[in-house]
Amino acid sequence: MSLTQTLKTRREAAIANGVATRGIYAARAENAELWDVDGNRFIDFAAGIAVNNTGHRHPKVMAAVAAQSEAFTHTCFHVAPYEGYVDLAERLNALTPGDFVKKTMLVTTGAEAVENAVKMARAYTGRSGVIAFSGAFHGRTLMGMALCGKVNPYKKAFGAMPPEVVHAPFPNAFHGVSVQDSLDALELLLRSSIDPERVAAIILEPVQGEGGFNVAPPEFLQALRKICDTHGILLIADEVQAGMARTGTLFAFEHSGVAADLVTMAKGLAGGFPLSAVTGRAEVVDAAPAGGIGGTYAGNPLAVAAANAVLDVIEEEGLCKRATEIGDRIKARLNDIAARPGNEAIGDVRGLGAMVAFELVTDRATNAPDPALTQAIVAQAESKGLIILPCGTRANAVRLLPPLTTPMEQVDEALDILDASIEGAINALAQAAE
């Protein structure tokens with residue numbers, strides 16, 4: 001029995017079934033490559049779900065963490081604060097969009113960042129309602145689940161959600177939902193379901209992650225900004241997956257020219273170490289009472305050191321530009337595959353920068369989802385040495401999240417594997433249907 005099989009058996013006996021896992025048991029990783037416990041090499045186009053934007057174990061990140069570990073690893077910022085936290089807060093205040101005074105708090109996970117942003121919005125406005133969107137993912141905590149716009153698996157079996165969280169349809173041109181359709185539905189929501197004077201915040205991802213890498217058009221974000229300003233509602237940008245240079249700008253909202261009142265970030269912020277942040281208008285961030293936000297591990301010194309190094313790497317290595325170059329290469333190849341005669345499986349190719357997805361359909365006349373083909377492509381790619389992830393409310397999209405430090409020759413190698421995996425999965429399913 002291989003070591004992988006042994007670990008699978010042990011995992012099934014020891015770990016909760018609800019913690020979904022893939023079949024790759026990691027032994028080591030370097031930049032865009034990962035090796036499993038049996039010595040198999042993979043090109044990692046998942047990047048820990050958009051965490052390792054600077055690659056696995058970037059030397060500057062590892063050096064910063066090692067240096068911090070020689071000083072101290074934990075004091076709890078509430079008990080004995082430290083300069084690294086202050087440095088990072090100052091940098092995020094300066095880097096997030098918006099020409100206004102900002103403040104920052106650090107926590108540990110993306111869900112915590114979202115929870116605290118909602119708390120700040122409610123404290124500042126004195127209101128309790130929150131509007132989110134179909135296809136959204138904002139975490140697995142109770143408020144995070146309520147905000148999610150995807151039932152299975154995030155809400156399924158977990159009972160009633162917190163009240164006064166309502167959802168509007170997210171624009172999706174591929175499935176016939178225009179920007180105007182979404183705005184009309186939002187207007188109806190504010191007239192029929194929730195009084196705008198009770199709404200504390202509207203929260204959305206500029207590029208939906210779990211929802212299928214659906215991109216919010218600039219005009220949609222601009223319209224939301226106007227709606228929020230009209231009704232005294234705060235706009236929260238969930239940049240947890242799309243931020244940190246992933247889309248070709250440091251924050252995806254920058255593509256629209258819109259500044260949100262609060263920005264949540266995590267994942268790529270600390271290069272593989274657990275850290276998240278909420279940055280926003282100083283008066284909003286300060287609305288929470290002393291002791292009302294934070295946490296024992298919030299702003300861990302090692303993760304903070306990693307994050308400061310990540311920001312250095314993004315700037316020094318030009319990773320925003322690099323994200324655009326990698327994304328353009330990926331989209332060009334996918335569009336070539338989709339244009340082949342007789343190949344109607346790829347219905348849509350979309351994304352910003354190096355945050356790219358393609359949606360699988362049974363035919364382009366109906367755009368009916370093909371989740372079976374999606375799973376087959378993911379499995380074929382894994383068997384050939386490429387890690388990719390499914391996504392989408394219909395479970396029929398494949399998302400590609402390479403580290404922004406991936407050498408272009410490895411990008412091309414990965415795309416060759418992906419090409420072969422798409423063709424192999426299509427042929428295998430066709431033969432099985434005969």
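First, the basis. The model is predicted, so to speak of local features we need pLDDT of at least 70, side-chain atom pairs count only at pLDDT 80 or more, and totals for chains, interfaces and linings use all residues. Residues are numbered from 1 along each chain as its sequence is written, and side-chain values use heavy atoms, with hydrogens and water left out.

Now the domains. Domain 1 consists of 3-58 + 318-433, and domain 2 covers 72-317; such bounds come from an automatic or database domain assignment. Their C-alpha centres are 26 Å apart.

Next, how they meet. In domain 1, 37 residues are in contact with 35 residues of domain 2, where contact means heavy atoms within 4.5 Å. The size of an interface is often given as the accessible area lost when the parts come together. Here the two domains bury about 2,900 Å² between them, with 59% of it on carbon and sulfur atoms. Buried area is the accessible area (1.4 Å probe) that two parts lose on being put together, summed over both. On the domain 1 side, C320, L352 and M355 lose the most area to domain 2, together 22% of what that side buries.

What about polar links? The rule finds 20 residue pairs in polar contact across the interface, both residues at pLDDT 80 or more. A polar contact is a pair of N or O atoms within 3.5 Å; within protein, one must be able to donate a hydrogen and the other to accept it, and residues adjacent in sequence count only if both atoms are side-chain atoms. Of the elements on the domain 1 side, α2, α11, β11, β12 and β15 each give two or more residues, and β11 gives the most, with 5 residues. Helices (H or I, at least four residues) and strands (E, at least two) are DSSP runs, numbered from the N terminus.

There is 1 salt bridge between the domains, that is, a side-chain nitrogen of Lys or Arg within 4 Å of a carboxyl oxygen of Asp or Glu. R399 forms a salt bridge with E210, with the closest N and O atoms 2.8 Å apart.

Last, the sheet. It is open, has 4 strands in the order β1-β2-β3-β13, and its pairing is mixed; two strands pair if DSSP finds at least two bridges between them. At the edges are β1 and β13. Strands β2 and β3 run antiparallel, joined by 3 bridges, and L34 stands opposite F42 in β3.
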